[in-house]
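Have the sequence and the model side by side as you read.

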Amino acid sequence: MVTIKDIAKRAGVSRGTVDRVLNNRPGVNPETEARVRALIEEMGYRPNMAGQMLAVKKRRLHLAFLIFHGPEFVFHLDILHAARDKAAELREFGVTVDFFLIRQLDTPYLEQIFHDVEESHPDGIAALPLRTTSFMSFIQRMHAKGVPTVFFNLDEDFAPHLAYVGCDYVHSGRVAAGLTALCTGSQGQVGIAAADGPNSPSFAGRMGGFSQELTATYPSLTMVDGGMPALFRDGDFTEVVNMVEHNPDMKALYIVNMGDYGVCQEIHRAARGRNLSVITHDLAPAQQELLKNGLISATIVQQPDIQGSMPLQMLYDYLAFGTVPKPKLFTDLHIYIRQSV
């Protein structure tokens, strides 16, 4: 059986250096780390799992989980519930998870949150990335300290991270195009609505996939106003109502990003009894009722439970056993209709 001592001798380093590489701890020259990892693979080293788990338990790993929280972030509740369940499971292995709930987006508030995370000295971080200077600086600082980060729900390249767990938004948009085609007989007009616009990464990805699929597969389906979305927010559904009322030949409405669920009631009223299919994403409790009542025709769900649990599992496996995850874990997409709920 190959031991740490054997690897250290071949590599010309101390056993402590090999141990730091195996446990992903900082303080090892990158070239030395690469040489040690190559020898670990070449020599077929296999750690004593029971011994490692005991060592990890003694080490008391500490993880941080950052997520939006509030009435406008209903979707993220399912992610949070799954993360809390995983944290309870990992507690048996000596792992502590601190949850940092982001309730607003102003800079002083965010900087205080990130300061609190740093002061907690986490061994790893699971985070929903933000396109803010303060978040980018925070992640860069943690990366410099050797703290790995796993992003979930949104995949952003502006900051270093170990892996991403979440939706492939382009693929999600393509699925929405296929659903729209099924609902319309693959021809006619489809409107686009959203609670946020092109600056949203999920909107951009979904609309890109949706447009590509219509062009490639369903050329007889055309988008109202060239795909310009009717935006709604804070109870103002004027643009969506106008789109429905002024386009009587429109057969479907694709809500790219749901925000205020009241928009579905307004769409139903504006349609005045005509057949108009409504396609959405996700499955919050309010959407389940809208599906049951026929105000949503179909919705595409992106496994929020996986997005909550897997980032913590990845960090544990990486920090405890040196298991490097795949860079991207795209969640499965599931389609729900009235009969599914």
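A residue is called buried when its relative accessible area is under 20%, exposed when over 50%, and partly exposed in between, using a 1.4 Å probe and protein chains only. T32 has a relative accessibility of 15%, so it counts as buried. T32 sits in helix α3 (residues 30-42); helices (H or I, at least four residues) and strands (E, at least two) are DSSP runs numbered from the N terminus. Leaving aside residues up to four places away in sequence, T32 touches V13 and T17, where contact means heavy atoms within 4.5 Å.

A word on the source: this is a predicted model, in which local features need pLDDT of at least 70 and side-chain atom pairs count only at pLDDT 80 or more, while totals for chains, interfaces and linings use all residues. Residues are numbered from 1 along each chain as its sequence is written, and side-chain values use heavy atoms, with hydrogens and water left out.

Now for the whole chain. It has 13 helices and 13 strands, and 49% of its 341 residues count as buried.

Next, the interior. A nonpolar core is a set of buried Ala, Val, Leu, Ile, Met, Phe, Trp, Tyr and Cys residues joined through side-chain atoms within 4.5 Å. The largest has 51 residues, with F65, L66, F114, I125, F135, F138 and L312 making the most contacts inside it. Helix α13 (residues 304-321) gives the largest share of this core, eight residues. Apart from it lies another core, of 29 residues, A270 and V241 among them.

A270 also belongs to helix α11 (residues 262-271), where V263, C264, I267 and A271 are buried too. Viewed down the axis of α11, the buried residues lie within an arc of 125 degrees (taken from the directions from the helix axis to the C-beta atoms), so they line one face of the helix. They pack against α10 (238-246), β9 (250-255), β10 (277-281) and α12 (285-292). Just after α11, R272 takes a positive phi of about 50 degrees.

Finally, which residues lie nearest the centre of the largest pocket? They are E72, F73, H76, D196 and M258, from a lining of 49 residues. The lining divides as follows.

| Class in the lining | Residues |
|---|---|
| Nonpolar (Ala, Val, Leu, Ile, Met, Phe, Trp, Tyr, Cys, Pro) | 22 residues |
| Polar (the others, Gly among them) | 15 residues |

A pocket here is an open set of points on a 1 Å grid over the protein atoms alone, where a 1.4 Å probe fits, with protein on both sides within 12 Å along at least five of seven lines; lining residues have an atom within 4 Å of a point.
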